[in-house]
Amino acid sequence: MSTEIISFKQLFAISGLIRLALLLYGIYQDEHSVLKYTDIDYYVFYDSLISLFRNKGSPYDRDTFRYTPLLTYMMVPCLWNIHLGKVLFVIFDLMCGFYIYKILQKINTKFPVYGTALWLLNPMVMAISTRGNAESIMSFLMLLCLYLFINKKYFLSGAIYGLSIHFKIYPIVYSIPFSCFFIYEFSKKKEYKYIKDWVIFGLSSIFTLICVTYLVYKKFGDEFLEHTYFYHMVRSDHRHNFSVWNMVLYMEQIPEVIKQDLFVVNNNKLGPLNMNVIFDNKFLSTFPQLAICFIVPLILFFKETTKSDITEKLIKIISIQTMLFVHFNKVITSQYFIWYLTYLPFFIDYFMDQFENKEYFGLIKLAAAWVSGQAVWLLFGFLLEFKNKNVFIQLFVAGCTMLIANVYVICKLIESI
């Protein structure tokens with residue numbers, strides 16, 4: 001029986017007030033400080049809106065706008081007040097908390113309010129939405145998809161899933177655990193309704209994705225495909241990138257380094273290796289990421305466990321897969337962490353069991369591994385970008401350390417499945 005000391009309504013009200021205070025503080029800081037509170041991406045969204053509605057052009061007239069134009073249309077309230085877009089993102093942020101709570105109740109979690117608090121009172125989550133980053137929209141879409149899914153509304157769930165892929169292509173990897181769910185259920189119960197449900201979910205997803213994408217393409221043409229999808233397949237940002245591939249991407253910007261040959265031992269013979277093979281081969285970074293994101297969910301889903309029921313297991317595997325996708329990606333920025341922090345509340349029983357068993361050191365190690373990995377990288381990133389120090393080797397080691405730390409966290413979370 002739950003012993004939570006706060007109700008969901010109280011938590012929701014408190015978290016809403018904190019976000020309101022941050023929104024007002026952000027407006028004040030923007031007006032009175034050289035260091036702005038609002039995320040630079042928010043101005044990208046706003047400028048795309050101005051380009052589309054006031055200049056009668058394209059949202060892609062704004063450099064670095066790499067999103068679906070649907071996001072631009074969602075920014076329409078900003079035509080009346082520039083800050084209303086942030087209000088919209090905060091509303092999505094709070095709605096995420098609502099659906100997290102509903103899902104936690106549905107899967108019979110012992111501490112649904114505490115789990116929801118891991119989202120609603122998370123400083124990073126609050127900062128991301130109140131600074132004007134749109135990641136709360138993606139989190140909302142996936143949580144709504146999962147809520148409908150566990151309530152067996154597969155057609156609607158599939159439609160929302162297809163829409164989420166349109167917004168950002170990365171959720172397409174979730175097709176693996178979703179498919180595993182139906183296959184697992186069919187293999188255990190031998191009922192063909194699971195195959196029918198799989199087909200309904202899949203066709204609904206594909207139909208929605210194709211229809212929405214076609215309508216947007218019809219209006220904005222090739223530039224929509226180029227900036228929204230193709231760009232991210234060859235993206236090579238090296239600034240503020242936590243990935244172990246950061247140094248490779250950094251050196252891609254130096255053509256004389258790419259063109260030089262290095263002498264290596266190859267088949268017991270000393271011969272040249274063109275650096276272009278290393279730096280321009282995106283396959284080297286993409287293949288391990290996709291292989292891990294494909295293999296690990298398969299292994300976890302068909303591994304016999306007693307700790308989680310099938311729907312809880314699905315959500316936890318999606319969270320593990322998201323962490324793997326993010327930390328093995330060639331580009332990792334702070335906002336990417338929201339992609340898997342969305343699912344952190346579904347591990348609340350695991351965290352509370354450790355707490356009640358007085359395994360405090362285990363919880364501290366998890367938090368310390370995740371935070372310290374970023375802190376070390378940020379230290380050397382600061383020295384490189386702002387102090388012009390030659391810390392390339394240290395930064396690469398910091399990236400490797402961060403990856404190892406997060407793999408450790410992933411392994412511990414897998415124990416709860």
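**A lysine and its surroundings**

Modeller: Happy to! The side chain of Lys313 reaches the backbone oxygen of Lys303 at 2.7 Å, a polar contact (N or O atoms within 3.5 Å; within protein, one able to donate a hydrogen and the other to accept it, with residues adjacent in sequence counted only if both atoms are side-chain atoms). A word on the ground rules: this is a predicted model, in which local features need pLDDT of at least 70 and side-chain atom pairs count only at pLDDT 80 or more, while totals for chains, interfaces and linings use all residues. Residues are numbered from 1 along each chain as its sequence is written, and side-chain values use heavy atoms, without hydrogens or water.

Lys313 is found in helix α16; helices are DSSP runs of H or I with at least four residues, strands are E runs of at least two, and both are numbered from the N terminus. Lys313 counts as buried because its relative accessible area is 2%, where buried means under 20%, exposed over 50% and partly exposed in between (1.4 Å probe, protein chains only). Pro177 is 136 residues away from Lys313 in sequence, yet their C-alpha atoms are 9.7 Å apart.

Thr311 also lies in helix α16, which covers residues 310–327. Thr311 is counted as buried too, because its relative accessibility is 17%. Its side chain makes a polar contact of 3.1 Å with that of Asp309. Setting aside neighbours within four places in sequence, Thr311 is in contact (heavy atoms within 4.5 Å) with Ile107, Ile150 and Phe181.

Now for the wider setting. The largest nonpolar core has 113 residues, and Phe45, Tyr174, Phe178, Ile320, Phe337 and Phe346 have the most contacts inside it. Such a core is a set of buried Ala, Val, Leu, Ile, Met, Phe, Trp, Tyr and Cys residues joined through side-chain atoms within 4.5 Å. Beyond four places in sequence, the contacts of Phe45 include Phe65, Tyr67 and Met75.

How far can you trust all this? The chain has a mean pLDDT (the predictor's confidence in each residue, from 0 to 100) of 86, with 88% of its residues at 70 or more.
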